[in-house]
There are 2 protein chains.
Amino acid sequence: MSTRPLIAVDWGTSSLRGARLDAAGQVLESRQFPRGIMTVAKGQFEAVFDACFGDWMQAPEAFCLISGMAGSQQGWQEAPYCPCPAGFEELAGALHWLQAGRMAIVPGLSCQHHDGLPVPQHDVMRGEEIQIFGALTLSGQRDATVVLPGTHSKWAQVAAGRVLSFRSFMTGEVFALLSQHSILSRTLQADAPWHEGAFVHGVQLAQRTPSVLSSMFATRTLALFGSLPPEQHPSFLSGLLIGEELRAMARPGSAVLLVGSAQLTQRYTVALHALGMDSQCLGDEATWAGHAALAQPWTHTA
Amino acid sequence: MSTRPLIAVDWGTSSLRGARLDAAGQVLESRQFPRGIMTVAKGQFEAVFDACFGDWMQAPEAFCLISGMAGSQQGWQEAPYCPCPAGFEELAGALHWLQAGRMAIVPGLSCQHHDGLPVPQHDVMRGEEIQIFGALTLSGQRDATVVLPGTHSKWAQVAAGRVLSFRSFMTGEVFALLSQHSILSRTLQADAPWHEGAFVHGVQLAQRTPSVLSSMFATRTLALFGSLPPEQHPSFLSGLLIGEELRAMARPGSAVLLVGSAQLTQRYTVALHALGMDSQCLGDEATWAGHAALAQPWTHTA
């Protein structure tokens with residue numbers, strides 16, 4: 001069996017990251033640049049890629065996969081979404097080749113939710129799909145609820161190694177909007193340290209309140225009535241919003257595979273635990289593991 | 001029976017309105033100034049009041065009630081919230097007198113929700129309480145669900161003429177935040193005309209989707225997939241958020257008393273109708289009717 005060196009690139013909205021991997025999928029070297037797609041003019045993607053990773057591509061038989069927003073309408077070239085259900089095979093079959101057999105953009109995933117209405121609602125991800133497949137590889141699981149916290153959190157249902165469907169939540173973005181621009185911002189101490197007790201209080205309230213649109217107003221009245229020290233308000237609001245995700249998606253007794261930054265996965269772990277659920281956490285390593293697993297048909301040839 | 005002229009003032013965050021009423025509660029004259037409490041420095045409230053309504057107060061035996069944010073910590077003088085359940089008697093008993101028997105600030109209402117947790121959540125209103133009592137007076141109802149749409153919508157449960165409890169929803173503010181500052185703002189046409197079909201679609205989706213934090217992301221994918229004309233997206237998002245309020249609070253088969261601007265009460269009427277519910281709408285007249293009813297023990301003496 002011969003192997004080819006893998007150049008794995010995650011090109012997001014605000015950052016560009018790359019790693020050189022050996023045949024076993026181990027990261028030999030990694031680089032990060034502040035060259036997210038928002039900083040790159042149309043027609044300049046190839047030049048930026050060459051400047052950042054051109055030397056790596058000089059290696060004989062180098063093979064490159066690029067995930068993330070590079071495949072969006074605003075990116076290098078548009079790689080149409082791969083519809084769910086989708087596993088490794090569907091994703092590999094939908095690669096958008098920049099250079100046949102040598103360099104490809106990984107498409108994002110799309111799915112539809114009818115929710116009992118005639119017109120379907122679409123949901124999409126770009127970049128998270130490679131983390132999901134990496135997390136499955138690393139954890140050895142083929143059936144899981146995979147959660148990727150963030151600006152637009154994703155909850156994906158995986159069965160037999162295939163993503164059946166997923167839902168996005170604007171949790172991180174709504175937290176930022178409320179903290180920075182709403183009436184709550186007048187009393188929220190944005191730089192206050194995280195307070196686990198206030199966070200869990202928010203998570204628990206989210207399970208029992210009629211609507212998150214109403215409970216978020218409680219962060220305002222906490223300030224009026226002094227019933228929670230001001231430095232705990234951001235943690236309470238964070239708990240309310242993450243708790244709303246859990247109210248909608250978490251199934252008590254089931255386990256969750258969390259993929260993301262240590263700070264965010266810790267919060268979700270605490271929230272899940274407060275509802276009696278276990279979780280396993282993975283970080284950046286899931287991205288590179290996903291690239292390695294997806295690249296195998298090309299990097300590991302008979 | 002002797003009567004005294006009533007000067008009714010609604011002093012809000014961004015505007016100052018007043019009306020001179022006759023003994024029957026009819027508005028003889030009204031004035032509006034861009035002098036909300038945010039424009040008035042501490043210590044200057046009396047001077048602003050005199051400049052705007054001093055001539056009206058010259059009338060023999062003039063009696064004045066001031067509702068709204070003038071009674072907040074940032075207002076003229078703080079009028080502590082009157083706790084629910086509260087009817088005319090409790091509210092009248094909790095008036096904050098600026099001049100005994102002649103001029104008073106109407107307190108707001110507060111209530112607590114335990115939602116099964118040891119620490120109660122507080123909810124508050126200032127100014128809406130007078131609209132609620134005015135709406136009850138005008139409609140002749142003593143048992144009702146009264147809804148006041150707005151930046152922070154209020155849903156109040158009224159029985160035997162007393163407000164038992166209420167909940168605030170940050171619906172209007174969240175719509176503004178999403179329209180102006182979120183990723184959705186990139187594709188939302190803020191000035192597009194209202195589209196009833198898209199609005200009702202949003203209302204219906206809100207009844208069936210796991211979470212509003214997720215469904216609001218659908219406004220983004222509608223743009224990506226072109227499944228709804230761009231000029232309909234704001235109406236769809238408005239329907240999603242107002243629909244979330246209704247999902248949490250509306251009880252099919254019951255009627256709702258709507259108090260607010262014609263534009264907003266029309267939207268809620270359409271949303272309620274889509275869920276098989278009836279409504280009755282009232283506008284500004286509810287504010288002055290509430291003042292007249294609350295003032296009766298002082299303006300109509302034996």
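Analyst: One term before we start: helices here are DSSP runs of H or I with at least four residues, numbered from the N terminus. Also, this is a predicted model.
User: OK, what comes after H3(A)?
Analyst: That would be Gly140(A), with a positive phi near 75 degrees.
User: And is H3(A) mostly covered or mostly open?
Analyst: Mostly covered, with nine of its 12 residues buried. Among them are Ile130(A), Ile132(A), Phe133(A) and Leu136(A).
User: How far apart are the end C-alpha atoms of helix H3 of chain A?
Analyst: They're 16 Å apart. That agrees with what you'd expect, because 12 residues at 1.5 Å a residue should span 16 Å.
User: Switching topic: how many residues of chain B are in contact with chain A?
Analyst: 51 residues of chain B, and they meet 51 residues of chain A.
User: What area is buried there?
Analyst: About 4600 Å², with carbon and sulfur atoms giving 68% of that. In chain B, Met170(B), Leu213(B) and Phe217(B) lose the most area to chain A, together 15% of what that side buries.
User: Which elements of chain B touch chain A?
Analyst: Those giving two or more residues include strand S13 (162–169), helix H4 (171–181) and helix H8 (233–249). By class, that side of chain B has 26 nonpolar, 17 polar and eight charged residues.

Notes. Residues are numbered from 1 along each chain as its sequence is written. Chains are lettered from A and ligands numbered from 1 in the order in which they are written. This is a predicted model: local features need pLDDT of at least 70, side-chain atom pairs count only at pLDDT 80 or more; totals for chains, interfaces and linings use all residues. Side-chain values use heavy atoms; hydrogens and water are left out. Contact means heavy atoms within 4.5 Å. Buried area is the accessible area (1.4 Å probe) that two parts lose on being put together, summed over both. Ala, Val, Leu, Ile, Met, Phe, Trp, Tyr, Cys and Pro count as nonpolar, Asp, Glu, Lys and Arg as charged, and the others, Gly among them, as polar. The expected span of a helix is 1.5 Å times one less than its number of residues. Buried means under 20% relative accessible area, exposed over 50%, partly exposed in between (1.4 Å probe, protein chains only).
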